[in-house]
Amino acid sequence: DEHHKLSFGALLKQKAFWLLIIMMVCAGASEQAMSQWASAFAESGLKVSKTVGDLLGPCAFAIFMGLSRAYYGKNSEKIALKKMMMGSALACIACYLVAVFSGNPIFGLLGCACCGFTVGIFWPGTFSIAAIKLPGGGTAMYALMALAGDLGCSSGPTVVGMVADAMGGDLKKGILAAIVFPIVMVISLCFVKDNKNA
């Protein structure tokens, strides 16, 4: 359908646009805060080499993330997007908690890997919500959303690193600090109005 295209100024005045920006920041940060540190987490927790750590950490994370997107792609007509994203965000929080508080490094690493499944829908899901809620947003909207996502991708790992350094190199405390991002995603999704598509 044809939609009235929003001007750049009008776009910036839309509350929905700023909600989407927040969601994109959280999407990138939730993903990268865990994936960027998964290798170091595996190395320190399991006392393995960097090569093995990369395979057990980021590689497993990426596989699970791909499975998440494949699953929703196949079942998108059966599962509402908002419902999938809310469930994923809550599961993401759980994965962060398992990774941080599990006394067993194997379970901690599994928390990291499963986190990949939970964050897989965040980025594409937020773009899909934007297409539904602001169909006239145009190229400028998607460009700014991508920029917000990139900001999240850099800020997530930065928060983990800064907090970990401040806590004497305690990576778990750094990851715990980054749990704020999936929590904000849950809160943001509460403001997304339900409809038949999202």
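Helices here are DSSP runs of at least four residues, numbered from the N terminus. With that in hand, welcome to a few close-up views of a predicted model.

**View 1. I187 sits in helix α9.**
Helix α9 covers residues 180–189, and I187 is found in it. Is I187 buried, partly exposed or exposed? Its relative accessibility is 47%, so I187 counts as partly exposed. Partly exposed is the class between under 20% (buried) and over 50% (exposed). Now look for M23: I187 and M23 are 164 residues apart along the chain, yet their C-alpha atoms are separated by 9.5 Å.

Find helix α4, residues 81–101, and you will find L90 in it. L90 has a relative accessibility of 47% and therefore counts as partly exposed. What separates the C-alpha atoms of L90 and P182? The distance is 7.5 Å, although these two residues are 92 residues apart along the chain.

**View 2. A nonpolar patch lies on the surface.**
Four names to look for here are I63, L67, Y71 and F117, which form a nonpolar patch on the surface. Together they have about 370 Å² of accessible area. Which helix gives the most to this patch? Helix α3, residues 50–75, does, with three residues. Pick out Y71, which lies in helix α3. Y71 counts as partly exposed because its relative accessibility is 39%.

**View 3. Helices α3 and α5 cross.**
Two packed helices are described by the angle between their axes and the distance between the axes. Here, α3 meets helix α5, which spans residues 105–119. Their axes come within 6 Å and cross at roughly 30°. Angles under 35 degrees count as roughly parallel, so α3 and α5 are roughly parallel to each other. As for handedness, α3 passes α5 in a right-handed crossing.

**View 4. Helices α4 and α5 cross.**
Is the crossing of α4 and α5 left-handed or right-handed? This crossing is left-handed.

**View 5. Helices α6 and α7 cross.**
Follow α6 past α7 and you will see a right-handed crossing.

Technical notes: Residues are numbered from 1 along each chain as its sequence is written. This is a predicted model: local features need pLDDT of at least 70, side-chain atom pairs count only at pLDDT 80 or more; totals for chains, interfaces and linings use all residues. Side-chain values use heavy atoms; hydrogens and water are left out. Patches are made of residues with over 30% relative accessible area and no salt bridge: like charges are joined within 9 Å, nonpolar side chains (Val, Leu, Ile, Met, Phe, Trp, Tyr) within 5 Å. Accessible areas come from the Shrake-Rupley method with a 1.4 Å probe; for residues, only the protein chains shown count as cover. A salt bridge is a side-chain nitrogen of Lys or Arg within 4 Å of a carboxyl oxygen of Asp or Glu. Helices (H or I, at least four residues) and strands (E, at least two) are DSSP runs, numbered from the N terminus. Buried means under 20% relative accessible area, exposed over 50%, partly exposed in between (1.4 Å probe, protein chains only). Axes are lines fitted to C-alpha atoms, for helices over the stretch in contact, and angles run from 0 to 180 degrees between N-to-C directions. Angles under 35 degrees count as roughly parallel, over 145 as roughly antiparallel, 65 to 115 as roughly perpendicular and the rest as oblique. A crossing is left-handed if the near helix is turned anticlockwise from the far one by less than a right angle, and right-handed if clockwise.
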